[in-house]
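Biologist: Could you walk me through this one?
Modeller: Gladly; here it is.

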Amino acid sequence: MEGCFALVRGFPAGNAFTNANKILDHLMAHGEAGLRRQPPLLYSGVRLPAALVESAAAVLQQHELMPRRGYLE
């Protein structure tokens with residue numbers, strides 16, 4: 001969680017805790033397919049950048065936590 005939180009800390013929309021959770025849930029929901037789907041949309045209508053999703057996936061992979069298939073796949 002801390003690695004993902006650090007990635008989104010400087011993102012200007014939303015708050016870091018919510019943004020990190022949205023990215024992690026996106027990856028848990030879609031697994032590796034989440035890298036090919038549109039990133040999560042914030043309540044404000046701003047979409048989180050794909051680069052943040054990719055970076056978070058790399059953190060999960062580094063810790064062997066990245067699911068191949070998500071709970072929605």
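**Charges, then two residues**

Modeller: The protein carries 7 positive and 6 negative side chains, the centres of the two sets lying 7 Å apart; Lys and Arg count as positive and Asp and Glu as negative, with His and the chain ends not counted, and each charge is placed at NZ of Lys, CZ of Arg, CG of Asp or CD of Glu. This is a predicted model, in which local features need pLDDT of at least 70 and side-chain atom pairs count only at pLDDT 80 or more, while totals for chains, interfaces and linings use all residues. Residues are numbered from 1 along each chain as its sequence is written, and side-chain values use heavy atoms, leaving out hydrogens and water.

Biologist: Is histidine 30 buried or exposed?
Modeller: Histidine 30 is buried, at a relative accessible area of 14%, where buried means under 20%, exposed over 50% and partly exposed in between (1.4 Å probe, protein chains only).

Biologist: And what does histidine 30 touch?
Modeller: Not counting residues up to four places away in sequence, histidine 30 touches Arg37, Gly70, Leu72 and Glu73, a contact being heavy atoms within 4.5 Å.

Biologist: Switching topic, what is phi of glutamate 64?
Modeller: Phi of glutamate 64 is near 55°, which is positive although the residue is not glycine. Most residues other than glycine have a negative phi.

Biologist: Is glutamate 64 buried or exposed, then?
Modeller: Glutamate 64 is exposed, with a relative accessible area of 74%.
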